[in-house]
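Here are my notes on the model, point by point. Please read them with the structure open.

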Amino acid sequence: MVQGVPGGGVSLVQGDPGERCPGVLPRPPGRVPVPARSCRSPAGAPGALPPGEYRAWKERAARDPAGFWADAARGWLRWDSPFHTACQPGSPAGSARWFLGGRLNVSVNCLDQHVEKSPNRVALIWERDEPGTAVHVTYRELLDLTCRLANTLKKYGIQKGDRVAIYMSVSPLSVAAMLACARIGAVHTVVFAGFSAESLAGRIMDSGCKAVITYNQGVRGGRTIELKATVDEAVKNCPSIRHVFVAQRTDNKVQMGDRDIPLEEEMTKADSICTPESMDSEDVLFMLYTSGSTGKPKGIVHTQAGYLLYAALTHKYVFDYQQGDVFGCVADIGWITGHSYVVYGPLCNGATSVLFESTPVYPDPGRYWEVVQRLKINQFYGAPTAIRLLLNYGEEWVKKYDRSSLRVLGSVGEPINKEAWQWFYEVVGEGRCALVDTWWQTETGGICIAPRPSEEKAEIIPAMAMRPFFGIVPVLMDENGEVIEGNDVFGALCIAQPWPGMARTIHGDHQRFIDAYFKAYPGYYFTGDGAYRSQKGYYQITGRMDDIINISGHRLGTAEIEDAMADHPEVPETAVVGYPHKIKGEGAFAFIVLKEQTPHVDHIKEELKTIVASKIAKYAVPDHILVVKRLPKTRSGKIMRRLLRKVVTEQSSNMGDVTTLDDPSVVKEILDAYQKYKEKSSS
């Protein structure tokens, strides 16, 4: 009997992958097959993209999305009951549903099927904050942890459909908490373990959570974070919370109240077998909140089968994941990147996934690369903001460590500038690793545009996302809502047909979902981003549409100016925003961060203007360049340019929600610098 599954597990619709090894599904006339389980692994990891099949797959996924995804779902996922309809498009476009009638359990797909074949394969490597103290967790151990936690939740009344908040630092237990919710059919909403009590309370109240799972404390970058104290403050205003499950990350005691439950103590009493709940394909798997520039955070809803399938396929093919690889995504599980490429995608594929608890500069700027050497990481997926930060420290911290295990590098979070791309590719990857600049969103569920997959050894252009994933059909729209044909064009980036991983709604407000993503261009998903389609038909993200500046009739992406300025060797980070200009309509205002002890600041500013003029045009040269110590960033590393626009348009009295900032004090720091700059300019 397989541990955690009475009777030996849930049967596959088309047979057990360990007994069936055809390599691909049967090929119906005129159809391109999607791989089933590979013969290379007893655990049934997905096979590699057959040579020469890329173009055929791409064309079929665009022409026959329902057939393409149906074949993929049958070959990739373990089903309790087969689906009868691959896709029900719905109207409006945001109402599409996938794999109707199908039933499955996500935790079974991520755990049980691998335990049956390779129970001792390492599922997670927990790279704890303390250097050199990694913890390896096998699939058998993770299933045991998940089942005990699931049974503990059930003991305290958590049932299918109930919402559970997870406020934990990155760890195997936090992953088990997500999977335990999936196992019993509860809906998890992970809140980054750095949000304030007010932000946590807002998310709990909006989602109606019945319980919170947390740690007594967290540790990050050598600092202790008071997680339980934050939860205590938050739940004072959350009447829906019945229980707070408290695990121990440190040895320090914390005050326990009437509704607080010592999690590990209860888990030791719980059964290690938990029967998985059979879930409908369209049942909710999780909600994840994103902050808008206006209004309250949006609870983005993702469902079971479609999300899992899309996360698994993109993980496999964008990163060329092969069985036995160590996959290193350094994102926090509190963000969609952590959901899709730390937890669900890798575990569905039977991968070994790294959980990174620390920071890129603790205890020194070589931390990432020391971890790569020690754990022999094959794929490294990180954010441009971290790469630019490390670039500032020079090459010696990278070259100190052996990075020969690396095969693929990935960038996520915002468009990466060319200087950072080149440094990442040439210094970190030694010019031999594919570098995939990935574009996607919380709402898309997984990567939508990236240089890979592609034809074998196809070109990768620096700092460009390039190619849509299978089934993603990008279109560019003009200001009149018309599709822009041809190449060498700019427009609003939309997606023309549904895909399984897309979000289904905003919790409690479907009309807001329709208005936000489907109203501007009826019949299309509007990403909110602008893009350029090159002469070769590749896509480059130019930034949010509200980051487009119209200077004297010229529409210009702020990212383009930032990219040009970042070529200066003394400028590791830049952020450009538009501001009202009496003559031009709009002008460009640049905020820059300089390397430490950089002399001749005024001279550097003039050099930056020259660079922009030569790389783009004279009209693109910023009218103002302000040096700041740091830029306002969210905890996921994104620069909050809307705050910078508030500064330069002198709307600082109405900054809006700043709780998502890594350090809210940066706002006052920038305001002070702006005031001094303004006074100096007017004198």
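1. Start with the charges over rings. Arginine 203 places its charged end over the ring of phenylalanine 195, at 4.4 Å from the ring centre. Arginine 128 does likewise with tryptophan 126: its charged end sits over the ring, 5.6 Å from the centre. Keep in mind that this is a predicted model.

2. Next, the aromatic pairs. The count comes to 44. One of them joins tryptophan 98 and phenylalanine 99. Their centres are 5.7 Å apart, with 50° between the planes, and the pair is classed as tilted. Is tryptophan 98 buried or exposed? Tryptophan 98 is buried, and phenylalanine 99 is too.

3. A further pair brings together phenylalanine 589 and tyrosine 674. The ring centres lie 6.0 Å apart and the planes meet at 55°, so this pair is tilted. Phenylalanine 589 belongs to strand β31 (residues 585–593), while tyrosine 674 belongs to helix α19 (residues 666–682). The pair therefore ties together parts that are 85 residues apart in sequence. Both phenylalanine 589 and tyrosine 674 are buried.

4. Stay with helix α19 for one more residue. Glutamine 675 also lies in this helix. Glutamine 675 and valine 647 are 28 residues apart in sequence, and their C-alpha atoms are 9.5 Å apart in space.

5. Aromatic residues also gather in a cluster. Which residues form it? The members are Tyr54, Trp57, Phe68, Trp69, Trp76, Tyr310, Tyr317, Phe469 and Phe470.

6. Now helix α14, residues 418–428. Its buried residues are Glu419, Ala420, Trp421, Trp423, Phe424, Val427 and Val428. What do they pack against? The helices are α11 (367–375), α12 (384–391) and α13 (396–399). The strands are β18 (379–382), β19 (408–411) and β20 (434–437). After α14 comes glutamate 430, with a positive phi near 55°.

7. Last, helix α16, which spans residues 558–565. This helix is mostly covered, with seven of its eight residues buried. The buried ones are Thr558, Ala559, Ile561, Glu562, Asp563, Ala564 and Met565.

Conventions
Residues numbered from 1 in each chain as written. Predicted model: local features only at pLDDT ≥ 70, side-chain atom pairs only at ≥ 80, totals over all residues. Heavy atoms only, no water. Buried < 20%, exposed > 50% of the residue type's maximum accessible area, 1.4 Å probe, protein only. Helix = DSSP H or I, 4+ residues; strand = E, 2+ residues; numbered from the N terminus. Contact = heavy atoms within 4.5 Å. Phe/Tyr/Trp six-rings, centres within 6.5 Å; stacked < 30°, edge-to-face > 60°. Lys NZ or Arg CZ within 6 Å of the ring centre and 35° of its normal.
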